[in-house]
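Me: I would like to go through this fold by its criteria. Please set each label against its cut-off.

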Amino acid sequence: MYIPAQFTIKDETISFGIMREHSFATLFSQHNGMPFATHLPLILNKENSTLYGHFARPNPQWTDIKNQTVLAIFHGPHCYISPSWYETNKAVPTWNYVTVHVYGEVELLEDEHELMNSLHDMVSKYETPDSSYRLHNVDSEYLSGMNKGVQGFKIKISKIEGKAKLSQNHPVQRQELIVNQLDQISTTNEQQISLLMKANLKKQL
């Protein structure tokens with residue numbers, strides 16, 4: 001990924017946070033000599049060394065992905081930045097965003113116990129704390145039948161690239177003007193980018 005120095009996320013704990021908060025990722029590999037992508041949730045393990053996920057078995061991507069080095073992209077918040085918000089008319093539109101790219105080698109899960117552990121972790125992550133749904137309460141025969149329809153996998157992480165493009169290449173005054181405009185927009189992406197920009201501004205002041 002192209003990352004100008006001022007946009008580089010140097011603290012891996014920040015990258016891990018993005019991976020956890022925005023865990024619906026895009027997984028790229030080579031399939032039959034061509035790029036292939038699947039959109040799916042990926043769960044980072046407690047040691048921050050491995051990602052777990054599963055394909056629907058009819059998805060052909062898994063059939064030749066074993067031992068490939070793949071790319072998983074975690075898309076954080078993003079939004080349009082209008083040059084009308086600046087103090088000058090010598091400007092063009094841009095886009096602010098946060099993203100993390102993760103590289104690693106794929107291993108297919110052959111052990112049903114490991115697959116079930118990864119599914120439990122996934123359900124626990126996405127169900128609300130007060131939810132009554134528990135995977136261990138599902139009929140075992142039904143669950144076993146459903147598991148036959150998926151192929152679990154894990155990615156041993158070898159490289160992480162994090163990028164936070166938050167107008168750091170503009171003067172502080174202009175960044176403050178952008179934040180003021182974003183604060184007036186109620187949609188989630190704009191609000192999240194505003195919060196990230198405010199945190200970044202504190203470091204600059």
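Predicted model: local features only at pLDDT ≥ 70, side-chain atom pairs only at ≥ 80, totals over all residues.

Me: How much of the protein is buried, and what does the label require?
Reply: Buried residues are 44% of the 205. The label requires under 20% relative accessible area; exposed is over 50%, and partly exposed lies in between (1.4 Å probe, protein chains only). The accessible surface is about 11800 Å², with 54% belonging to carbon and sulfur atoms. That area comes from the Shrake-Rupley method with a 1.4 Å probe.

Me: What is the strand order in the sheet?
Reply: The open sheet of seven strands runs β2-β1-β5-β6-β7-β4-β3, with antiparallel pairing.

Me: Why are β2 and β3 at the edges?
Reply: β2 (34-41) and β3 (43-44) each have a single partner strand, so one side of each has no neighbour in the sheet.

Me: How do you know that β3 and β4 pair?
Reply: Pairing needs at least two bridges found by DSSP. β3 and β4 (residues 50-56) have two bridges, in the antiparallel sense. They therefore meet the criterion. L44 has L51 in β4 as its bridge partner.

Me: Which helices pack on the sheet?
Reply: Helix α1 (residues 12-21) does, touching β3, β4, β5 (69-81), β6 (94-108) and β7 (150-165). Touching means contact, with heavy atoms within 4.5 Å. The direction of α1 makes about 130 degrees with that of β7. Helix α5 (residues 188-204) also packs on the sheet, touching β5 and β6, and its direction makes about 95 degrees with that of β5.

Me: How many bridges join β5 to β1 and to β6?
Reply: Three bridges join β1 (residues 24-31) to β5, antiparallel. F28 stands opposite L71 in β5. Eleven join β5 to β6, also antiparallel. Y80 has W95 in β6 as its bridge partner.

Me: Why is α2 called roughly perpendicular to α3?
Reply: The axes of α2 (residues 112-126) and α3 (residues 140-147) come within 12 Å and cross at roughly 100 degrees. Angles under 35 degrees count as roughly parallel, over 145 as roughly antiparallel, 65 to 115 as roughly perpendicular and the rest as oblique. So α2 is roughly perpendicular to α3.

Me: Which residues of α2 and α3 meet?
Reply: E112, L115, M116 and L119 in α2 meet L143, S144 and N147 in α3.

Me: Why does Y52 count as buried?
Reply: Y52 is in strand β4. Its relative accessibility is 18%, so Y52 counts as buried. Beyond four places in sequence, Y52 touches residues including L109, E114, S118 and F153. The C-alpha atoms of Y52 and L109 are separated by 9.5 Å, though the two lie 57 residues apart along the chain.

Methods. Residues numbered from 1 in each chain as written. Heavy atoms only, no water. Helix = DSSP H or I, 4+ residues; strand = E, 2+ residues; numbered from the N terminus. Axes fitted to C-alpha atoms, helices over the stretch in contact; angles between N-to-C directions.
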